[in-house]
Amino acid sequence: TPVLAEDLKIAMDQIFQKMDPHNSNYNVDYSVASGVLERLITFDANMKLVPQLATEWEGSDDAKTFTFKLREGVTFHDGTPFDAAAVKANFDRLADQSQNLAKNSLFKVVDTVETPDDYTVVLNLKEPFGAMINTVAHPSVVIHSPKALEELDVQKNPVGTGPFIFKEWIPGERVVLEKNDDYWDSEWPKVDTVTFYPVTESATRVSMLLSDEVQFVHVLPAELSERVENDDSAEVLEVPGITVWTASLNMLKDKFKDQRVRRAFNLAVDQEAFIDVVYSGHGVVPDSPIAPDTRFYESQGAFGTDLEEARALMKEAGHEDGFDVEIWGINNSTGVRMLQFLQQQLSQINVRAKIVPMEGATRSEKLFSSVDPETAEFDMVMGGWSPSTGDADWHLRPVYATEGWVPKIYNMAFYSNETVDQAIADALNTGDADARAEAYATAQKQIWEDAPAVWLAIENKMAGRKKGLSGVFQMPDGTMQYAKAEYQN
Amino acid sequence: MLNYFLRRLAAMVPVLFLISIFVFLFIHALPGDPARLLAGETATQAEVESIRRALNLDQPLIWQYVDFVANLVTLDLGNSLRTGEPVSQMIARAFWPTFWLSICALVWSVLFGLVAGVISAVRRGSPGDHAGMFLAVSGISMPNFWLGLLLMQYFSVHLGWLGTSGFDEPSDLILPSLTLGAGVAAVMARFTRSAVIDVAREDFIRTARAKGLRERIVIWKHALRNALIPVVTMAGLQFGFLLGGSIVVEKVFRWPGLGSLLLDAINFRDYAVVQSEIMLFSLQFLLINLAVDMLYGFINPAIRYK
Amino acid sequence: MNAEHLLKIEDLDIRFGKESAEMRAVKKLNLHVNRGETVAIVGESGSGKSVTALSVMRLVEFGGGQIAGGKISFRKRDDSVIDIGSLGPEDARLMRGDDIAMIFQEPMTSLNPVFTIGDQIVEAVMTHQAKSRSAARATALETLEKVRIPDAAQVMKRHPHQLSGGMRQRVMIAMALSCRPQLLIADEPTTALDVTIQAQILRLIRELQDEEGMAVLFITHDMGVVAEIADRVVVMYRGEKVEEGDVETIFAAPQHPYTKALLGAVPCLGSMKGTDSPEPFVIPGQEVAATEVVPAEAIDYSADPLLSVRGLTTRFDIGEGLFGRVTKRVHAVEHLDLDIWPGETLGLVGESGCGKSTTGRSILQLVDATSDRLTFGGEDMTRLSASSLQKLRRQVQFVFQDPYASLNPRLTVGYSIAEPMLLHGLETKQNAFDKAVWLLEEVGLSADHANRYPHAFSGGQRQRIAIARALGTDPKLIIADEAVSALDVSVQAQVINLMMDLQKRFGLAYLFISHDMAVVERISHRVAVMYLGQIVESGPRRAVFENAQHAYTQRLMAAAPVPDPAVRRRDMRMITGEVPSPVRPIGQPPVINTMDEVAPGHLVAREQARTVDAA
Amino acid sequence: MTNSTDPAIAMPTRIERTARSPFAEFRRRFATRYGSMAAGVFLLLLLLGGVLAPWILPFGPDQFDYKNTLDGPSMLHWAGTDEFGRDIFARILNGAKLSMFIGFVSVTIGAVIGILAGLLAGYYGGWLDSITMRISDVLFAFPGILLAIGIVAILGAGLTNVIIAVAVFSVPAFARIVRSGTLGLKESTYVEAARAAGASNSIIMFRHILPGVLGAVIVYFTMRIGTSILTATSLSFIGLGVEPSIAEWGAMLATGREYMLAGEWHLTFFPGLAIFLTVLCFNILGDGLRDALDPKLDDH
Ligand SMILES: Nc1ncnc2c1ncn2[C@@H]1O[C@H](COP(=O)(O)OP(=O)(O)OP(=O)(O)O)[C@@H](O)[C@H]1O
Ligand SMILES: Nc1ncnc2c1ncn2[C@@H]1O[C@H](COP(=O)(O)OP(=O)(O)OP(=O)(O)O)[C@@H](O)[C@H]1O
Ligand SMILES: [Mg+2]
Ligand SMILES: [Mg+2]
């Protein structure tokens, strides 16, 4: 067995955009930052909330005031002490609309940030927002050194409290981090340096892992997992994901106004086969609009595949001979495979699908910038949503609430149901977990009933890792963590 | 000739100017909204708007063009929309890896192509000639990624002789330049072969033989020099291409070059970077083609430029 | 092999083409050359002379031919005898250039266009002689000067396309001689040389023979040259040797009918003494036909000339350095005046490189030239639109000095001949093809040849193809640039008779550029003598030939070889000293000649002081 | 001047044997290149197979079978199956028409335009040359991927659009190749002779110069066919997949690439082989054409 270095090298699947998660929407950026910049609250491997820079937290019943007790004895890499003022500086920054930060939207509800003492921070919201704790745990809500915020361009030079100190970033090539000897948790870190490489080509990523140039590969396409598994020195990590892939049905179009048609579509598609073809079997059939690992998930029972019934429903709806649909998708290989699969499956109920894979930028323009609900050309759109807060709110609201209609957020079905909207609002109005669970259960049930989309799959998140390495793993939301990296020799 | 050279140099300015207009219009006509792309698919519209304001993308097009040209003239090139880094710095960083890669690829492939081409021409119809054709056709019909991954699997993963990817040391050049050059070598070989066959029967080749020159010299000096024009044309074309960075090879080998930079920039509609890169490519092409044109005159003195 | 034999060819068979379409170019040829001896091969155009020479060099196989039978033996310097036919490629190579050197028939295409003249000769020297580069340069320069290339040092830096036909031929000669071979094969080495230089070259060859015992296999059609230089003569006809003997015997008592015909057709300078108008050749066996021609109409010199040229000037820039900065200029044609009347032949003679071909090309506006006047049939050619110029070119046809290069290698010769007719819409396609075949036959080739490509012909055959092409469009004027120089005298006579016949019947005019004084005497109405880009003497043929005034004209007359071995002029003086050159630094144009009319129509340039000339 | 419609130098009788036109000559010469003929026949057969595939094969190109995805080659599936369980051999044969069409048509369009541009530029020189060549410089400098995105975005991800893109991109290369040959040939004596004989510029360009540069053009053409069949491959590599469900060799290669490392070699191998054979045949065919254009090679 090869001798493993005390350096950790990681290949990521995308190029890095910004070193400042406040201003990024990309998982890679969050992942890289997670060892340098810490959050008040974070997730464990199963998306359960765990303390990081906050030791305790609580929300008021009206879901308008949230209080965080901070960890003491922590200093930033630049020597600035970590305290309530530092947190306030960051929260204010996030809430400040004039900063034009990408993640400003998460903190739009914040009214004021108070610091009753050095280690307590209180968030006062403008309106009730039951998902605030999970929002604060969002991977983008990190705490920069206030000094760095003032003096440095944190997009390029992040200074945090994490176990690793940012050293250099050569865009397109690598990011290098160094061990923080003064980390507040004296047990960590256990590796000397961490280097991240953006490697967009998955085969190259895997090759790097196999030739021990990197010890961890984040985002391992299912097709390649076998290759890693077959290698003696490497292992495949697989966790259930929280990204739900759907084909939204444009409910403003006549053909999809009929619930029978939408149900028929769900029944016609064989989700098991979909997972086999698209993810080489590494996925889960959805049985709710949100994934099992998302907070407040409630199973609704999978649709299953029943061609007979699907045909019957179509006939009932007067579409025995089917109709033409245009399906928009993503033009990467997985996206193209999804489209082809869907096309073939729908042909079984006589639906003739024209599939349109779109280049990323074109898709974003057509779908998210200039789209007008009334005149949208598409009949169906493929898409996947992952709630990075791990909370049902940040899945149900953007994808199924009326306020989420594209281009605003991600409701590509133009689905609008009062019950659902109400339930989502109710859940936000309270800080009480039980009440929220109940509201979300109602919403999930209603959405499942209405079937505004064909639910296709929840892909497992896979990663490749050298044997002997621990503490580096991928998260269900698509990010990864490495703060507790350690080699066992 | 000097005159011609200077005139061609001067003519580049308006050409580049036209290119700048063309490029600008083309890029802005492409669908895709940089603000939206930067924000990401799962961003809300409000997030997108704030990014748009931050990047001045809400200004009228004509001003954006004026900015672009002003940047070009001052060689400042502006900042990347995506990272905010100065474009000139990004290009300067990506230029050399691509430059070395193209030089290596070009050198081996042209040399190899020439030798293989000449040998097949001399042995026209022999098994060697057929083998050459076989190789050349393989070279051209093998997609770059295929060859690249194959080489990587064998030399890096299996044998462990070379690094898989990235550009940290000179040996990292080997696999990517092999991959990149394969197609060029194939075309060069076929081209050289054809050109040498064309001249091999000329009277002056007979004269060269009559002098008692070694067959090597007859072929490599007398025949090849006459056959060189199409070959140099091809090499010039390929070099121009290579200097633009091969997206596929750079992607497979994680090469920090212009091709990768361009791909990212296009994907994110990073206008400033795309425009500047294309201007750079244009300039390179103009220069290479000028050089090739001047070379014609040296290779064949009967070609005159007025 | 006999001890004196240097080269011995026995029963040589040479074939071309695949088995199905085989062509036997040489059949059962026997031949030998002794040490120090000069053997001339004469023979009909296309009879296999060049091919024989190529097979001795072992070069014929590179041109698609093969030695199908027989033996070629050669005695090396160390007295060992080798069988050339069975040499391996490397031994054959070592022999080439060192033991045997060859001057090729077509100098225009035989030089590599991309290397300078100097490099090409130096390379030949260095291949076989252990000389340093600079020593080889010196040798090259010396040899070039010996073959009287003007401004040799400068010409070394030039490329072949910048030289005249004769200059290229001399470069080829220099290249072969610089190797100092034991056997020199000279295939029509003087076709493009004026007689003064020709004499010089022959003299040079003889000197080398005397000095080093070099043997020469001399292929030529010029019986004057044969008489001048050969010890023995071999006559070839249709791929076979038909006669062989001492030069005196052959000339005195030819045996074979072909030899007789050949000698009967030899034009002889001075044979036209006392006549004003040209006369066709008398071809043995065809006397009746040849004399039974339409009586020549007298040329009406009071009418407007067909072609009128005044002040024609063509200069070429010579660039130097990396970017080709122009420092010097070739004054190829300087202020040239010419008139040609319908039905008239104007013979243009002059030293090699004096600008004859350039004159022709300038008249047709194929090169950039300036002129005070350039009219054809009353039309100002310089003012014509591109399309009218193109139409006018039907009436002026040009036979290029280099027939091989002037034929498109990718077109069959039949098509090449038919093309001008088709271009001008003179004939339907089928008719044009038929007429092409007919023309081929008229110039002594056969219908079979129509579908062959230029590379499969002999030098003389290509020349005739070029003539046939020019005749196709029914032109008014033909500029014939050394058009018959590679033809054996019998074919030459036939072709010239054809040309004269057409002239009489249809009033064709010729600008006949040639160095063969006897031929020029025979066919010209008027003659112009050119020297360094300018006309130095012009006038009616009789006046110029019988009363040459200018020194250069006189030299030409004197240097013309006499086809009689009895009157060899072995003692002729070698011209030495600076060779006058048309290359001048920029801003120093040559002095324009002043012409005096010494007799009606007979103009002679006032002699310039030599110093002016050389400046 | 005499009446020029009446040919003066008249031919006495009709001649029995006559000359052949260059084209007839070319046909005659090509007819003896058996290897090339065989290659041509193979291509035709492939094309025919492609046309007849729906009738002669047990599988359709779009016949899904989720039970048998990614099977290796077997007696039933000669070239194995892909990730949808489609028979790869059936897809290859059905894709023959399309791939050969993309390869051939697009390059032909590019070649025709390129040849014209190159001839004109090289022959006339001057401003025409400058303009043509600078346009081609721009086209060259313009990254193919950008143009592809543009075309696909504006015209849609159709096959014809790919063809247009490939065609546009081969124009400059052809133009440069032809131009360079033209520059040399236009100074040759036989071109001068043709001009002296009264040939118009177009005749000179097309009859005297073009055949001389055609050798190089043919070589590039046959090689370029390979490149253009692979266009779809490179496009989808950089994330610009086009018409995914259509059986087309380039696209098949592209999708197969995902499975390459996983050991499913047949997904890329067989389409690759098809491309290789096709390009090889085009090359052999091209060599024959090239040789037929060069009379000096006749005697071998
Ligand atoms: N490559 C070839 N293919 C076929 N025939 C050829 C080839 N080269 C020469 N010939 C033929 O061989 C014969 C002999 O040619 P050769 O060049 O020896 O003639 P020659 O005696 O030198 O004539 P000339 O005095 O005209 O130069 C000619 O009839 C010619 O047509
Ligand atoms: N393209 C050119 N560039 C430079 N010099 C040239 C060029 N063409 C011809 N010359 C020069 O012009 C002069 C005249 O050449 P031209 O070919 O007219 O001579 P010529 O009288 O036909 O000689 P010959 O009898 O040897 O054929 C020569 O000195 C030659 O070197
Ligand atoms: Mg000959
Ligand atoms: Mg001449």
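Biologist: Which residues come nearest to ligand 1?
Modeller: This is a predicted model, where local features need pLDDT of at least 70, side-chain atom pairs count only at pLDDT 80 or more, and totals for chains, interfaces and linings use all residues. Residues are numbered from 1 along each chain as its sequence is written, chains are lettered from A and ligands numbered from 1 in the order written, and side-chain values use heavy atoms, without hydrogens and water. Around ligand 1 there are 22 residues (a heavy atom within 4 Å). The nearest are C:Ser45, C:Gly46, C:Ser50, C:Ser458 and C:Gly460.

Biologist: How many Å lie between an oxygen atom of ligand 1 and a polar backbone atom of C:Gly460?
Modeller: Side chains also reach ligand 1 oxygen: an N or O atom of C:Ser45 sits at 2.7 Å, and one of C:Gln105 at 2.7 Å. Such pairs are polar contacts (N or O atoms within 3.5 Å). For the backbone of C:Gly460, the value is 2.7 Å.

Biologist: What is the distance from an oxygen atom of ligand 2 to the side chain of C:Ser352?
Modeller: Ligand 2 has 21 residues around it, and C:Ser352 is among the closest. For an N or O atom in the C:Ser352 side chain, the distance is 2.6 Å.

Terms used: A polar contact is a pair of N or O atoms within 3.5 Å; within protein, one must be able to donate a hydrogen and the other to accept it, and residues adjacent in sequence count only if both atoms are side-chain atoms.
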